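Please walk me through this structure in a few paragraphs.

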Amino acid sequence: MPVRTTQIAESADGAGGGAAARAVRVGRALGGLGASCHPLPAAAVTLFTAVLAVAAGHGPPGVVLLAGAVAAGQLSVGWCNDRADLGRDLATGRRDKPLVAGTVSATAVARAAGAALLLCVPLSLAAGPLAGAVHLAGVAAAWAYNLRLKGTVVSWAPYALAFGLLPAFVTLGLPGSPWPPTWLMAAAALLGAGAHFANVLPDIDDDLATGVVGLPQRIGARRSAALAGLLVLGSTAALVAGPTGRVTAYGWALLGATATALLLAFRRPAGRLPFLTVMAVAAADVILLVAELRP
């Protein structure tokens, strides 16, 4: 029986429509994956690592390798965080979260987290056994925060450990595997702990409603804001005063600007302004590090 031309056209239109719908669904899922990996902090930490690697003396291949390992680790941590928080986000109606909004499935996020973690292992170890072990210890601390420590009194510790070990990952990958100076690791640890308190501020009420009782939730928003500001200011002070020699004019200016910015941002501990201020301070700190660590 001959097939009518109209039937062929309708079949083609249906196939084309199906392909277009699939493309939309795939694009939506990829967008959801991108949003659920916590892109801003992931990109900031990766960029910080790349700049620190350049300042420490790594060549282009080393910079790419270190940044790739950190990017994989950060992606795994971000996806793990959103998957672990799904139940609490549903309970509090967090429609800004892709998993709650339904733009990506929980299975896809879990698989992405596992794949990124698997990729992070060989990339980290390619920088050297000790350097790789240090970085993987920091990634493990971040996963431990997501899966267990977030709701405990030591919720700040994984942030401090992971950030504090990041400079070591960079320098241990150099010939001779040197450890970074103590002041640099201390500054990074203080910044990480401060970022934890600042990041939690907008969600303290929701966290308490769903049973998450980390240290920021225990001491309240105002005290958490004050502690976050002091920790970040202490981080900048360590960077300014730690290296040998006189404090530069930029160092003094950075210290004063940091104190002013933190005072203004943390007066009202609500919204994302405190966390964004911490990110801005970190960016300014990177400029100081480049000047101090460049060989």
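**A walk through the model**

Val153 counts as partly exposed because its relative accessibility is 41%, a value between the limits of 20% for buried and 50% for exposed. The residue sits in the loop between α7 (129–147) and α8 (157–172). Together with Val154 and Trp156, Val153 makes a nonpolar surface patch of about 230 Å².

The model is a predicted one, and confidence should be read along with the geometry. The mean pLDDT of the protein is 86, and 90% of the residues reach 70 or more. Residues 5–12 are another matter: pLDDT stays under 50 over this stretch, and the model has one contact for it beyond four places in sequence.

A search of the whole structure finds two aromatic pairs. In one of them, the ring centres of Tyr145 and Tyr159 are 5.2 Å apart and the ring planes stand at 90°, so this pair is edge-to-face. Since Tyr145 belongs to helix α7 and Tyr159 to helix α8, the pair ties together parts that are 14 residues apart in sequence. Both Tyr145 and Tyr159 are buried.

The other pair joins Tyr159 to Phe163: the ring centres are 6.5 Å apart and the planes lie at 10°, so the pair is stacked. An angle under 30 degrees is what places a pair in that class. Here both partners, Tyr159 and Phe163, are in helix α8, and they are four residues apart, about one turn of the helix. Phe163 has a relative accessibility of 23% and therefore counts as partly exposed, whereas Tyr159 is buried. Through these ring pairs, Tyr145, Tyr159 and Phe163 are linked into a cluster.

A further position to look at is Asp89, which is placed in helix α4 (residues 86–91). Is Asp89 buried or exposed? With 7% relative accessibility, Asp89 counts as buried, because the limit for that class is under 20%. Which residues does Asp89 contact, once neighbours within four places in sequence are left aside? The contacts of Asp89 are with Arg94, Lys97 and Val100.

Technical notes:
Residues numbered from 1 in each chain as written. Predicted model: local features only at pLDDT ≥ 70, side-chain atom pairs only at ≥ 80, totals over all residues. Heavy atoms only, no water. Patch = residues over 30% accessible without salt bridge, like charges linked within 9 Å, V, L, I, M, F, W, Y side chains within 5 Å. Areas by Shrake-Rupley, 256 points an atom, 1.4 Å probe, with all protein chains shown as cover. Salt bridge = Lys/Arg side-chain N within 4 Å of Asp/Glu carboxyl O. Helix = DSSP H or I, 4+ residues; strand = E, 2+ residues; numbered from the N terminus. Buried < 20%, exposed > 50% of the residue type's maximum accessible area, 1.4 Å probe, protein only. pLDDT = per-residue confidence, 0-100. Contact = heavy atoms within 4.5 Å. Phe/Tyr/Trp six-rings, centres within 6.5 Å; stacked < 30°, edge-to-face > 60°.
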